[in-house]
Amino acid sequence: MEEQNTKQTHKTTTLRGMYEDWFLDYASYVILERAVPHINDGLKPVQRRILHSMRELDDGRYNKVANIVGNTMKYHPHGDASIGDALVQLGQKELLIDMQGNWGNILTGDGAAAPRYIEARLSKFALEVVFNPQTTSWHPSYDGRNKEPDTLPIKFPLLLAQGVKGIAVGLACITLPHNFIELVDASIAILEDKPFEIYPDFPTGGMVDVSKYNEGFRGSRVRVRAKIKQIDKKTLAITEIPYSTTTESLIKTIVKASESGKIKIKKIDDNTARDVEILIHLPSDTSPDQTIDALYAFTDCELSIAPNSCVIENDKPRFISVSDILKISTQNTVDLLQMELEIALTELQEKWHWVSLERIFIENEIYEQIKPCKTDKDIDETIFEGLKPYTANLVREVTFEDVHKLRKIPIDRISKYNSNKADDTLIAIEDDIKQVRNDLEHIVRYAIAYFTRIREKYGKGKERKTEIRSFDYIEQASVAVANEKLYCDYENGFAGYKLKEGQYVCECSSIDDIIVFRRDGTFVVKTIAEKDFVGTDIIHIDVFRKNDQRTIYNMVYQDGAFGRSYIKRFNVVGVIRSKDYSLTKGTNGSRVLYFSANPNGEAETVTIFLKAKPKLQRLNYDIDFADILIKGRASAGNIVNRNILRKVIKKGDGVSTLAPRKIWFDDSVKRLNTDGRGVLLGAFSGKDKVLSLYRSGHFRLTPFDLTTHFDDDVLVIEKFVPQKPVSVIYLDNESNRYFVKRFIIDQTDKRINFLEEQPNASLIELSTAFKPLVKIKFDNKSMKNPLEDIEVSLSDFVEVMKYKAKGKRLSLNAIKSIEPLPPLPCQDDVPQQDFIDTEPENDLPQEEDGQISLFEP
């Protein structure tokens with residue numbers, strides 16, 4: 001027996017070929033039957049089967065989700081869990097399904113209740129645009145017991161309205177949701193052969209930057225942001241969240257960023273219910289504007305999404321743009337409408353045929369001719385012969401089905417037959433046929449009317465939720481909280497934020513870069529570390545700010561051991577990390593004699609001491625760095641002296657030699673900039689401030705810091721002039737009277753409500769001109785002597801008062817409208833933009849390298 005077992009041969013099965021065939025079959029199945037939507041209806045198979053199942057169960061009342069799931073399993077062979085999840089996701093889009101019960105919350109991430117506790121039914125919109133058995137093609141279900149639709153005859157760009165995300169084998173699909181009304185308008189534009197643009201719109205609101213959307217093609221990208229408002233100096237509020245996040249997940253990223261020291265927060269309160277409200281409380285020493293930027297840089301308050309629109313077309317996946325999807329969907333809608341009209345025309349013709357045939361049969365008493373007949377065949381032949389003289393005008397030939405139908409007409413109907421009523425019926429049918437034929441001849445016009453009706457009927461409450469904005473790119477290093485301390489061991493050449501034996505330099509963050517200058521005239525920029533060797537003989541170390549043109553370095557150096565001495569002023573803008581750069585001419589033995597770093601381009605005075613030698617009469621003299629032009633860091637500089645310098649010491653402080661900074665306001669991103677984008681506010685320096693006035697009735701004074709955020713309802717933003725009044729016209733809604741007041745801005749860093757004492761007021765007009773002018777149109781409906789329009793100079797009408805004052809009533813008569821006019825000229829006016837060049841300017845004049853001896857005695 002053992003000998004027989006040892007002689008048994010084992011069959012070996014090779015895997016070669018299985019992977020190629022079976023894997024491709026599996027991948028194709030997942031792509032076609034699970035993860036990717038079809039171009040015709042924009043639905044995945046499980047979604048299509050759910051909607052078909054709900055239509056089967058539909059009786060106008062709600063059905064338990066558990067029952068819907070169970071019925072759908074007749075068509076979907078992948079278990080109840082996948083059906084239930086897909087049904088909840090469809091319902092949360094609030095388009096095709098009416099929900100009842102706890103269906104979860106897309107804002108908080110809370111899940112839906114169990115299927116036995118929640119109910120659903122098809123929405124009126126779904127019943128109108130999704131189903132039509134007459135235009136639906138069918139195929140057997142997976143077990144052959146039932147039939148299911150190939151695709152549903154949806155007459156709407158559902159794929160773009162709902163969006164979709166699917167992960168298949170070797171393929172992913174991400175189509176972002178778009179706005180309902182904008183899609184309808186774009187479909188109409190396609191039919192009218194007009195240009196159109198569509199951009200994503202998310203149910204969570206927020207903001208989106210679509211500058212790189214590229215119609216949803218592969219490689220495109222959109223940036224989404226939360227809406228963050230500053231409540232006061234210590235509180236921020238997140239009122240809308242980015243798409244694909246929840247308040248819970250967003251708070252986790254904020255806490256994580258706080259724990260890692262990238263942002264400083266005191267506590268977070270989540271008050272989200274129907275609307276999002278996340279309150280972020282800040283420490284007293286934290287900048288709200290910098291914190292907002294830090295939230296966008298280090299948390300999920302800003303995300304980047306890469307769309308990848310893919311659909312199934314002709315049983316193959318196709319990567320396609322959203323514009324092409326919309327064009328195909330619009331044409332598909334036109335085709336379906338045409339099919340419905342053709343079916344309706346056929347039904348009307350059949351109806352007209354039967355009414356006419358019945359009339360012929362009864363009015364000509366053909367039924368009397370069948371009395372002698374003994375068999376069915378004789379009856380049919382008699383009716384055929386009786387109808388022959390009258391069938392010339394019928395739409396088609398008389399068939400046996402028609403004859404059998406005539407035979408079944410009750411005697412009661414024949415005896416009560418009304419010819420006039422039959423004529424009216426025929427006329428009504430002919431009118432309907434005429435209308436349908438007209439619609440078929442003008443199918444595009446009919447489709448436009450259809451889309452217009454859909455928009456008017458279902459578009460209410462579907463306005464855009466996501467604001468389209470342009471975002472500034474935020475450098476993480478510029479907004480990171482300085483939660484570490486930079487130390488430097490000057491003796492051994494080490495620097496870092498955990499260098500216990502070093503000297504304190506400044507505050508820093510763990511993601512900053514540092515710049516190090518050495519005595520030999522070289523410098524290096526490196527990423528900060530806990531401890532790192534940066535070179536010996538360090539003369540200056542600091543945190544490096546990229547593209548900082550305001551920090552100017554003043555330096556005197558000696559070229560070689562016995563060469564000439566040079567003086568230079570320069571800035572350091574762009575460098576390669578960890579690369580050594582030389583600030584001298586590169587001669588061996590060169591050394592720096594004097595060095596200073598000046599954050600705002602200050603130019604001090606220094607005293608030069610020369611090494612004594614025969615015939616050298618003057619051994620010291622002063623040099624003012626203000627006389628030295630700012631050049632590039634590679635410039636050799638100007639010659640100080642051909643003799644050897646003994647030392648250079650600072651004699652006195654100086655002032656900045658840089659021109660005031662020109663500041664622009666870019667309304668698209670609501671931010672200040674120095675790049676010439678937007679409206680020029682003016683040239684700023686020192687303690688100059690920016691005045692912003694808002695539709696909400698607030699004003700705010702802020703420094704000209706480029707990180708400052710301005711709310712979306714900003715009306716006026718300009719350079720602050722202390723004695724310049726603000727003129728306000730507001731409507732007291734309680735008394736329906738208009739008031740005017742003029743006031744001087746209080747110089748405070750608080751956000752002030754200048755309508756605080758008038759809680760029922762609505763801001764009508766606002767001006768910062770010295771002599772604003774308005775035109776008043778009176779309401780003359782109930783007046784015997786109509787009043788003419790008048791022009792009012794507000795500066796002459798009311799005196800300057802406190803911002804809390806009620807003001808002066810504008811008129812005793814009823815006012816119809818107030819129109820602002822160009823202000824009157826005034827010698828006290830301070831022009832802000834007329835005389836300033838709008839082109840961006842480099843504040844730092846540059847020259848070619850020169851070696852002119854300016855200071856040699």
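These legends describe close-up views of a predicted model.

**View 1. A four-stranded open sheet with antiparallel pairing.** The strand order is S24-S21-S22-S27. Strands S24 (538–544) and S27 (581–582) stand at the edges. Each has a single partner strand, so one side of each lacks a neighbour in the sheet.

**View 2. The pairing of strands S22 and S27.** S22 spans residues 522–527. Two bridges join S22 to S27, in the antiparallel sense. Thr-522 stands opposite Ser-582 of S27.

**View 3. Asp-402 in helix H13.** The helix covers residues 400–407. Asp-402 has a relative accessibility of 6%; the cut-off for buried is under 20%, so Asp-402 counts as buried. Its side chain makes a polar contact of 2.9 Å with the side chain of Arg-396. Leaving aside residues up to four places away in sequence, Asp-402 touches His-353, Trp-354, Leu-357, Arg-396 and Glu-397.

**View 4. Lys-806 in a loop between two strands.** Strand S46 (800–801) lies on one side of the loop and strand S47 (808–809) on the other. Lys-806 is partly exposed, with a relative accessible area of 45%. Leaving aside residues up to four places away in sequence, Lys-806 touches Tyr-730, Phe-739, Lys-741 and Gln-758.

**View 5. Lys-806 and Asn-308, 498 residues apart along the chain.** Their C-alpha atoms are separated by 57 Å.

Terms used. Residues are numbered from 1 along each chain as its sequence is written. This is a predicted model: local features need pLDDT of at least 70, side-chain atom pairs count only at pLDDT 80 or more; totals for chains, interfaces and linings use all residues. Side-chain values use heavy atoms; hydrogens and water are left out. Two strands pair if DSSP finds at least two bridges between them. Buried means under 20% relative accessible area, exposed over 50%, partly exposed in between (1.4 Å probe, protein chains only). Contact means heavy atoms within 4.5 Å. A polar contact is a pair of N or O atoms within 3.5 Å; within protein, one must be able to donate a hydrogen and the other to accept it, and residues adjacent in sequence count only if both atoms are side-chain atoms.
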